[in-house]
There are 2 protein chains.
Amino acid sequence: VSEAPSNPNSHSTQPERRRPHGGRPIRVGLLGAGVVGGGVLALLAQHARQIEQRVGVRVEVGRALVRDLGKPRVPEAAGVPFTTDAEELFGDASLDLFVEVMGGTDEAGTLLARALSSGRSVVTANKALLAARGAGLFALAAANRADLAFEAAVGGGIPIIRTLRDAASSDEVVGITGILNGTSNFILTAMTDSRAPFAEALADAQARGFAEADPSLDVGGFDAAQKLLVLAMLAFGQEPVPLSHDPSSAVLVEGITAIDAADVEAADRLGFVVKHLVVGRDHGERVELRAHPALVRKLSAWAAVAGSLNAVKIEGRALGPLFMSGRGAGDLPTAVSVVADVVEVARSIVAGVPGLSTGLATGARAVAVRPLVPRADLELRYYVRFEVHDQPGVLARIAGALAEHRVSIAEIVQSEGKEGRARIVLTTHRAREGAMLASLAELAPISVAAPVLLRIEDTL
Amino acid sequence: VSEAPSNPNSHSTQPERRRPHGGRPIRVGLLGAGVVGGGVLALLAQHARQIEQRVGVRVEVGRALVRDLGKPRVPEAAGVPFTTDAEELFGDASLDLFVEVMGGTDEAGTLLARALSSGRSVVTANKALLAARGAGLFALAAANRADLAFEAAVGGGIPIIRTLRDAASSDEVVGITGILNGTSNFILTAMTDSRAPFAEALADAQARGFAEADPSLDVGGFDAAQKLLVLAMLAFGQEPVPLSHDPSSAVLVEGITAIDAADVEAADRLGFVVKHLVVGRDHGERVELRAHPALVRKLSAWAAVAGSLNAVKIEGRALGPLFMSGRGAGDLPTAVSVVADVVEVARSIVAGVPGLSTGLATGARAVAVRPLVPRADLELRYYVRFEVHDQPGVLARIAGALAEHRVSIAEIVQSEGKEGRARIVLTTHRAREGAMLASLAELAPISVAAPVLLRIEDTL
């Protein structure tokens, strides 16, 4: 079954046969054999026959790098040489490609750079590494004609990278929207279902294994923003930038920590659900990138993305909108994506044509890296919750400040709060974020607590 | 850029280079150059450089078969030899693969069989052909080591086939659900939004180009059922079977013609929306395949699939659920999928390994074709609307007939109908379809019109 015609133009005569890749198996160097790595070992072994049929030769794990040789492994690891010494993998000339599922950015980055420099292709599930050092690694891959595949780095089992790559080779991607952090979505879903306060929903997520002990990367919005940077490289040719909560940051990054049960409830009354979204949009001269909580319509597909699920929408000029949702994390969904990449990269090795990173390199070279839309220039609809002292004129003052900055109010409701406070919830029509922020700054003196500012995405 | 290392194991030394496919371009024979074919010509020309980078050599249309040489074509057709004589294409040994976008099953089937027999790979958008002759064509492809790619045949721009194929090589697909007929979904969406009667919604869809003059394949459920058969080949290794509305048919096929505004309204009050669904499920010994209208929860992602959009959910044992929605038809979304297949097949030709149909052949060979679950054995929840003469005891008689067949009622509402009639709408708990049908048969004497029986899918 591993023979193939060497000249596809000679099909009509008895085809001359050659053995792809010289008939040798494709040998994988596995960097890391924890939960995802164990899933990769298991799936490669369990589906060996199907994979061989797609690749033309067998695909097998040749060696695995681990931190602890004593740790128990999946049964499919039997027979695979394990080592704690990376030199053993780099010294093994029979390894064709490396799979990185160890995590972290320093050691993983060094190992992947070394693999790519030697012309070996790489499959990684490491979005933090790509967001930090992606541009350099992709350049290295292109220079060495190697593949750098990363389906599992964004959206777990959702084939978002493959779809973006296909769109990049025969279409033009103009927009990306996503729910890309399962922890935040789990917490917001719990707050929506039970009206639990944020701290309680977070503690529950931690107890159930859906949030880390230090949840700041997730609930701070950074994990989602890193994934957005990876998608923006592929879709728009943008190079990653440093991420921060600083108001002057090039990419708007906000997490969900300021959201209260009161916001979830107010959103519900307005016909919305609160979700943490990432948004990327091609405006021609400039590119818009942002990651923040937002109000989405209750009857939209986004509202139906519950618990730890992820979702993403790609908008292509020819393709139109394409929405996908599924498990964004977990060892098996992630391992499925890693193995799909291994199959694809193995096929490229057999073909002698790197097929995965070229699309990216094309995008990055074809489109000059463009400036990002500054935060003040964003034009969005807003939701604001003010907690103010309940005294005459507060509503007028809020309405006045917004009017002065030409922010037009869509709905506004004042209700009684606790301890002589009033709560004012309002939504705006589309407005410049700079104007919105200037209004809020002016209203600081009347606020008991910092107003909660959320964006409304009602056209998704 | 078309050079590649000939031996991927020698990466660490200066790589020896070879030109993939001998450096020759991949030449496409285009069968049909109508709206989709024109889109394919346009996308291949506009994205020629990106495609060359992914494939390793140029991909160009070598010849095109059309019915009418006088018809105006897209500008990108300039320079491509057009002919009305298929022999000119089969006589051209330089053509590497054929793209079939002509439609119909007879001529298209003959041409594709001939292409595959000569070892040439084929890309088709023709789901009717695959549902009618798929098994034979796939066997022919496997025997001749050619690819038979058909991403565009199901779900237009949604990458459902690629995703199923990836899942088939590293996972096990246990379920498929879909909204796969854009015309039916357009009509049901209009009925939901405006409470228009079916005939009016159909006429509007026809006037706006979303339904054919003869809409029976679409609104009769056959188009969706054909697509289900194509997906079931790939996911479960099932061979296609003839489709009919006959109650004894192996695959339950129902269309949307019996649905009235009254059903849309009753569904709404119960918290549901009416959609036309296809469902495939692996039960181990048997496989369940059905295509029919169903009530889905208003807050589910399915309810958000509006107008002519399509959607599909794949459930993989490792992957979990993966939901996708997008444009299910239209020249450009379909052309995007055709071109993605052309790129994939071209990469296989360069590699000398057919990569697309092998997964299918594997599935079909690995799993013996299994019996389908007979209609009477389906276990589902039901919605029934009875129109009866408003006389004492009708409700008791309905409740009695159902109880006798052990069908348990979940909700039941009687309301006044027109002209001395009563309307009784009920939903059931999970029940055997055989029992449900037996109850309805018993109740025929009290019914003024045939009861409307819909299935409820509340766990999607």
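1. A salt bridge is taken here as a side-chain nitrogen of Lys or Arg within 4 Å of a carboxyl oxygen of Asp or Glu. By that criterion R27(A), R58(A), E60(A), R63(A), E88(A) and D92(A) are linked in a network of salt bridges. Over all chains, the search of the whole structure returns 64 salt bridges.

2. Basis of the note. The model is a predicted one, in which local features need pLDDT of at least 70 and side-chain atom pairs count only at pLDDT 80 or more, while totals for chains, interfaces and linings use all residues. Residues are numbered from 1 along each chain as its sequence is written, chains are lettered from A and ligands numbered from 1 in the order in which they are written, and side-chain values use heavy atoms, with hydrogens and water left out.

3. The pair E60(A) and R27(A). Helices (H or I, at least four residues) and strands (E, at least two) are DSSP runs, numbered from the N terminus. E60(A) counts as partly exposed because its relative accessibility is 22%, and R27(A) counts as partly exposed at 22%. The cut-offs are under 20% relative accessible area for buried, over 50% for exposed, and in between for partly exposed (1.4 Å probe, protein chains only).

4. A bridge between chains. R54(A) forms a salt bridge with D166(B), with 3.1 Å between the closest N and O atoms. R54(A) lies in helix α2 (residues 48–55) of chain A and D166(B) in helix α6 (residues 160–170) of chain B, so the pair joins two chains. Both R54(A) and D166(B) are buried.

5. A bridge within chain B. Here the side chains of E60(B) and R58(B) meet in a salt bridge, at 2.6 Å from N to O. E60(B) is partly exposed, at 21% relative accessibility, and R58(B) is partly exposed, with a relative accessible area of 43%.

6. Helix α1 of chain A. This helix (residues 35–46) has twelve residues and reaches 16 Å from its first C-alpha to its last, close to the 16 Å expected at 1.5 Å a residue; the expected span is 1.5 Å times one less than the number of residues. α1(A) is mostly covered, with nine of its twelve residues buried. Among the buried residues are V36(A), V40(A), L41(A), L43(A) and L44(A). The buried residues of α1(A) pack against β3, α2, β4, β5 (82–83) and α12 (331–351) of chain A together with α6 of chain B. Contact means heavy atoms within 4.5 Å.

7. Helices α7 and α8 of chain A. The axes of α7 (residues 182–194) and α8 (residues 198–207) of chain A come within 9 Å and cross at roughly 125 degrees. Axes are lines fitted to C-alpha atoms, for helices over the stretch in contact, and angles run from 0 to 180 degrees between N-to-C directions. α7(A) and α8(A) are therefore oblique to each other, where under 35 degrees counts as roughly parallel, over 145 as roughly antiparallel, 65 to 115 as roughly perpendicular and the rest as oblique. The contact is made by F186(A), I187(A), A190(A) and M191(A) of α7(A) and by F198(A), A201(A), L202(A), D204(A) and A205(A) of α8(A).

8. Two buried residues in helices. S439(A) is placed in helix α15 (residues 433–442) of chain A and is buried, with a relative accessible area of 0%. Not counting residues up to four places away in sequence, S439(A) touches A401(A), L402(A), H405(A) and V407(A). T183(B) is found in helix α7 (residues 182–194) of chain B and counts as buried at 9% relative accessibility. With the same exclusion of residues up to four places away, T183(B) touches F210(B), A211(B), D218(B) and V219(B).

9. Positive phi values. R406(B), a residue other than glycine, has a positive phi near 60 degrees. R406(B) sits in the loop between α14 (394–404) and β16 (409–416) of chain B and is exposed, with a relative accessible area of 75%. E419(B) has a positive phi of about 50 degrees although it is not a glycine. The place of E419(B) is the loop between β16 and β17 (421–428) of chain B, and E419(B) is exposed, with a relative accessible area of 71%.
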